[in-house]
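This report is written for a reader who is meeting the structure for the first time. It begins with the chain as a whole and then turns to single residues and their pairings.

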Amino acid sequence: MNVLRFGRVMLVACFLSGFSWLPDAAAQASAVAPPPVEVPTRSAPPLPSSSEVVAAPSGQRSDVFGASLFQGRFAQQSFRGFNPEHIISVGDRIDLKLWGAVDLAVILEVDAHGNIFVPRVGPTRVLGVQNAELNDLVGSRVREVYRDNVGVYASLATAEPVKVFVTGYVRAPGLYGAFASDSLLHFLDLAGGVDPQTGSFLDVRVLRGGQTVGRFNLYDFLIRGELPLFQFRDGDTIVVWPKKATARIGGLVRNPGQFEFVDAVSVAELLEMAGADPRSTHVLLTRNQTSEREAEYLSVDEDLDAITVVSGDELEVFADRQVATIVARVEGEFSGLGQVTLPYGSTLADLLERVGTTERSDMGGLQLYRKSIAERQKQVLDEMLHKLEQAVLNARSGTREEAELRAREAELVLRFVERARVIEPQGRLVLHEGFDPRTVDLQDGDVLRIPRKVNTVAVQGEVFFPTSFVHREGQGVAYYLEQAGGLTQSGDANRIFLVRPSGEMREASQGWFARAEVQPGDELIVLPKVDTKNFQLTKDMVQVLYQIALSAGVVLSI
């Protein structure tokens with residue numbers, strides 16, 4: 001029993017010791033000549049793929065200044081070059097070439113002692129040496145052995161990849177690998193960038209051994225393109241501190257949005273950061289720190305350096321000037337300049353005095369286009385289309401057959417609404433026959449078009465052959481409709497418009513055809529028919545068609 005127990009104890013000891021004590025020939029051989037340990041070659045880490053880069057969350061774009069900085073573009077590009085201030089560290093690889101008395105080309109790695117071993121020269125300490133000084137240091141060491149006729153060239157081939165922690169107020173804190181020469185932006189972008197809602201663009205720090213060795217303000221890069229070079233080491237930690245005080249600025253600035261600052265900033269400094277437009281004259285400063293909002297209207301000529309902005313304030317930059325002159329553009333058949341400047345309060349008569357006409361100018365068909373009218377026409381059209389859209393979507397049906405009919409109607413109407421939304425009204429101010437140009441005040445940006453005298457009549461809309469015809473004296477609406485092939489099945493004989501070159505529009509009807517006088521330059525527009533059997537919303541559809549024809553001179557079929 002004692003022998004068996006002793007055998008079991010020895011067997012367990014064999015397993016625990018790995019059999020190293022056994023008098024085996026192979027074990028003895030390994031003890032005498034251990035196999036060489038293969039040191040893996042260090043290489044640069046692979047660049048992150050597009051799927052590995054932490055992307056900014058999709059959705060509404062942030063108005064925080066700098067939020068668009070981190071979109072994955074820095075992370076996808078790694079900087080493999082090395083600046084002259086790069087500090088040689090363990091693991092860096094040195095490309096050494098000797099020529100002359102001795103020829104040598106070799107890649108040497110900085111060992112754990114901070115040395116490279118130069119053949120026939122011996123160890124040379126390069127740890128902590130700047131890249132710019134590397135060639136001189138190695139050259140002086142080689143010439144201690146080879147004094148004459150030896151050329152030396154030493155350069156940094158590759159640097160040791162490093163692993164850096166990125167934490168704080170970033171989207172994806174973690175441990176990221178890159179080159180020591182990669183920029184701070186590269187590491188931040190790998191981590192998804194600074195969180196624009198909570199992180200600070202003004203306070204980004206690099207810690208090494210618990211001590212701050214680098215502090216960065218990303219506004220320096222965003223505004224002036226300045227980013228200090230920094231060499232990272234294994235185990236460094238990039239920390240994004242929480243957001244500081246903020247204020248919003250908008251209006252006439254290049255960079256509207258939310259800006260960050262430390263403690264307090266002056267209005268002048270904030271205007272400089274946002275890039276205020278040189279045309280700006282005033283700043284509306286709204287205070288939000290108390291229970292009641294307070295506002296100050298400041299002139300840019302004031303001492304804005306003495307006025308402090310605190311967290312939560314809002315600024316709006318304006319060009320609040322009295323209008324002294326207006327600029328009108330002239331198009332069409334005229335002679336002279338196309339841009340005319342006039343004193344504020346001038347009328348169309350004043351503009352006509354400055355415009356030279358020709359024998360081909362049709363002064364009876366003057367056309368005046370105004371931006372404010374176009375905007376109002378577009379607003380009215382959008383409101384009518386929205387009303388039509390809501391009406392067709394909310395229509396109720398009593399039977400299954402009626403429900404199917406309403407569904408087909410809704411499909412047609414929604415397609416029509418989609419096409420109608422892209423129409424841009426012309427903004428024409430109709431100048432009726434015999435108007436007094438002295439009663440028409442001009443606005444800045446008005447466009448006066450002087451048409452050329454023509455001897456044609458245009459026919460468009462729901463006719464078989466929409467085109468233009470030579471004017472014939474004494475012929476009325478019916479004649480030109482007949483020349484265009486007559487109305488299509490979709491044409492509405494009770495909704496035909498006669499449009500003068502000046503924009504004046506008259507509605508025609510079947511009984512009026514014989515009496516209607518058509519003049520050279522006129523245009524006939526035939527609107528489509530709205531079938532009361534197929535469309536429940538006939539009245540709304542007709543109103544929309546009228547509005548499109550009136551404001552844009554376009555006919556849309558249903």
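## The chain as a whole

Of the 558 residues in the protein chain, 41% are buried, where buried means under 20% relative accessible area, exposed means over 50%, and partly exposed lies in between (1.4 Å probe, protein chains only). This is a predicted model, in which local features need pLDDT of at least 70 and side-chain atom pairs count only at pLDDT 80 or more, while totals for chains, interfaces and linings use all residues. Residues are numbered from 1 along each chain as its sequence is written, and side-chain values use heavy atoms, with hydrogens and water left out.

The secondary structure comes to 11 helices and 27 strands; helices (H or I, at least four residues) and strands (E, at least two) are DSSP runs numbered from the N terminus. Among contacts (heavy atoms within 4.5 Å) between residues at least 6 apart in sequence, 63% join residues at least 24 apart. The protein chain exposes about 31400 Å², and carbon and sulfur atoms supply 51% of this area, as given by the Shrake-Rupley method with a 1.4 Å probe, where for residues only the protein chains shown count as cover.

## Salt bridges

A search of the whole structure finds 22 salt bridges, each being a side-chain nitrogen of Lys or Arg within 4 Å of a carboxyl oxygen of Asp or Glu. One of them joins the side chains of Asp313 and Arg287 (2.6 Å, N to O). Asp313 lies in the loop between strand 16 and strand 17 (314-318), whereas Arg287 belongs to strand 14 (residues 282-287), so the pair ties together parts that are 26 residues apart in sequence. Asp313 counts as buried at 1% relative accessibility, and Arg287 counts as buried at 15%.

Another salt bridge brings together the side chains of Asp446 and Arg370 (2.6 Å, N to O). Because Asp446 is in the loop between strand 21 (428-429) and strand 22 (447-450), and Arg370 is in the loop between strand 20 (367-369) and helix 8 (371-393), the pair ties together parts that are 76 residues apart in sequence. Both Asp446 and Arg370 are buried. The side chains of Asp436 and Arg438 also meet in a salt bridge (3.2 Å, N to O); here Asp436 is partly exposed, with a relative accessible area of 28%, and Arg438 is exposed at 60% relative accessibility.

## A patch of negative charge

On the surface, Glu269, Glu272, Asp301, Glu302, Asp303 and Asp305 gather in a patch of negative charge. Such patches are made of residues with over 30% relative accessible area and no salt bridge, with like charges joined within 9 Å. Asp305, a member of this patch, lies in the loop between strand 15 (294-299) and strand 16 (308-309), and Asp305 is exposed, with a relative accessible area of 55%.

## Two residues with positive phi

Arg120 is not a glycine, yet has a positive phi of about 65°. Arg120 is found in the loop between strand 3 (115-118) and strand 4 (122-125), and is exposed, with a relative accessible area of 67%.

Asn149, which is not a glycine, has a positive phi of about 55°. Asn149 lies in the loop between helix 3 (131-143) and strand 5 (150-158), where Asn149 is exposed, with a relative accessible area of 61%.

Key
Patches are made of residues with over 30% relative accessible area and no salt bridge: like charges are joined within 9 Å, nonpolar side chains (Val, Leu, Ile, Met, Phe, Trp, Tyr) within 5 Å. Lys and Arg count as positive and Asp and Glu as negative; His and the chain ends are not counted. The place of a charge is taken as NZ of Lys, CZ of Arg, CG of Asp or CD of Glu.
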